[in-house]
Amino acid sequence: MSIIRVSNLSKTYASGFSALKSVDLEIRRGEIFALLGPNGAGKTTLISIICGLVNPTSGSVLADGHDIIKDYRAARARIGLVPQELTTDAFETVWATVSFSRGLFGLPRNPAHVERVLKDLSLWDKRDNRIMTLSGGMKRRVLIAKALAHEPQILFLDEPTAGVDVELRQDMWKLVRRLRDDGVTIILTTHYIEEAEEMADRIGVISKGEIILVEDKAELMRKLGKKQLSLSLQEPLAALPEGLAAYDLALAAEGEELVYTYDTKAERTGITALLQDLATAGIRFRDLRTSQSSLEDIFVSLVRERH
């Protein structure tokens, strides 16, 4: 069941720059969806349109069944947004800012909810502090608290951990997991690939304003992952023997290591044949290990393929 449905969405700015090109995307209720892409790929534009901050040139977006333009208030009430930029009312206290955000959506006061949000984000002891006195990491926590003040069903995190310390990152992921357990759908944009690898259920890759892939994370790793077999040689090699030219081999560690790259989705890995051919060529090895490519390797090769 989709909670967000983006259909044929395009955005061209007055300068003629085409930020989004016919984007179709469905986000499932209750999932953590990571939107990956290089800077300038269109991530923030897409989020800004879904959140009603930027008007699309064409296409439509439904948020929990509500059209974001025709039924703006109902759609927007279901969405919380944590923007990249740290823009907060510097002279207000943390408590007042978060409480005010709730009121913006016409909701009655609920001090117990605000208290829970502030405690979850380790902001409770700062509740009476003015925002201007807080560190950058604490200001980021306030932005998250503001986005959660009106109990949204959909939470957007735009580059949530850019420039924040490791402790805040860990806190944030704990909170994100708990929100998901409470039924909140979370969409995050990030260029920290390990963040997506750790957190996301599904991953979308956007490049030059187009969605080039949407896939379950495990399936993406399985389909596109390459494995490498590294052999530590007993004697260093100056060059690869001609008889092994058919394999995707490379010498590393000044000739003391032989690296074989193979496809995990191929029927045969070719390892057995390689080991036999190595023995025939008189190449002996002390040790072998395998490693699988990370999401980062996959992402880089995907974007490169498109350009």
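Among contacts in the chain between residues at least 6 apart in sequence, what percentage join residues at least 24 apart? The figure is 70%. Bear in mind that this is a predicted model. The chain has ten helices and 14 strands, and 46% of its 307 residues count as buried.

- Let us begin with helix α5, which covers residues 136-148.
- At 1.5 Å a residue, the 13 residues of α5 should span 18 Å, and its end C-alpha atoms are 19 Å apart, which agrees.
- Eleven of those 13 residues are buried, so α5 is largely enclosed by the rest of the structure.
- The buried residues of α5 are G137, M138, R140, R141, V142, L143, I144, A145, K146, A147 and L148.

**How α3 meets α5**

- The axes of α3 and α5 cross at roughly 30 degrees and come within 7 Å.
- That angle makes α3 roughly parallel to α5, because angles under 35 degrees count that way.
- On the α3 side, V94, T97, V98 and S101 make the contact, while α5 brings V142, A145 and K146.
- Sorted by class, this contact has four nonpolar, two polar and one charged residues.
- The crossing of these two helices, α3 and α5, is right-handed.

**How α3 meets α4**

- Helix α3 (residues 94-104) also packs with helix α4 (residues 111-120), at an angle of about 125 degrees and with their axes 10 Å apart.
- This makes α3 oblique to α4.
- Here too there is a right-handed crossing, as α3 passes α4.
- From α3, the contact uses V94, W95, V98, S99 and R102; from α4, it uses P111, H113, V114, E115 and L118.
- Those contact residues of α3 and α4 divide into six nonpolar, two polar and two charged.
- Look for V94 and V98 in the picture: these residues of α3 take part in the contact with α4 and also in the contact with α5.

- Is P152 buried or exposed? P152 has a relative accessible area of 3%, so it falls under the 20% cut-off and is buried.
- You will find P152 in the loop between α5 and β7.
- Although P152 and G80 are 72 residues apart along the chain, their C-alpha atoms are separated by 5.5 Å.
- Leaving aside neighbours within four places in sequence, P152 is in contact with A77, R78, I79, G80, A147 and V184.
- One of these partners, A147, is among the buried residues of α5.
- E151 is found in the loop between α5 and β7 as well.
- With a relative accessible area of 42%, E151 is partly exposed.

- Which value does phi of E151 take? It is near 55 degrees, a positive value in a residue other than glycine.
- Phi of D64 is near 50 degrees, again positive in a residue other than glycine.
- D64 lies in the loop between β4 (58-63) and β5 (66-67).
- D64 counts as partly exposed, at 23% relative accessibility.

Methods. Residues are numbered from 1 along each chain as its sequence is written. This is a predicted model: local features need pLDDT of at least 70, side-chain atom pairs count only at pLDDT 80 or more; totals for chains, interfaces and linings use all residues. Side-chain values use heavy atoms; hydrogens and water are left out. Axes are lines fitted to C-alpha atoms, for helices over the stretch in contact, and angles run from 0 to 180 degrees between N-to-C directions. Helices (H or I, at least four residues) and strands (E, at least two) are DSSP runs, numbered from the N terminus. Angles under 35 degrees count as roughly parallel, over 145 as roughly antiparallel, 65 to 115 as roughly perpendicular and the rest as oblique. A crossing is left-handed if the near helix is turned anticlockwise from the far one by less than a right angle, and right-handed if clockwise. Contact means heavy atoms within 4.5 Å. Ala, Val, Leu, Ile, Met, Phe, Trp, Tyr, Cys and Pro count as nonpolar, Asp, Glu, Lys and Arg as charged, and the others, Gly among them, as polar. The expected span of a helix is 1.5 Å times one less than its number of residues. Buried means under 20% relative accessible area, exposed over 50%, partly exposed in between (1.4 Å probe, protein chains only).
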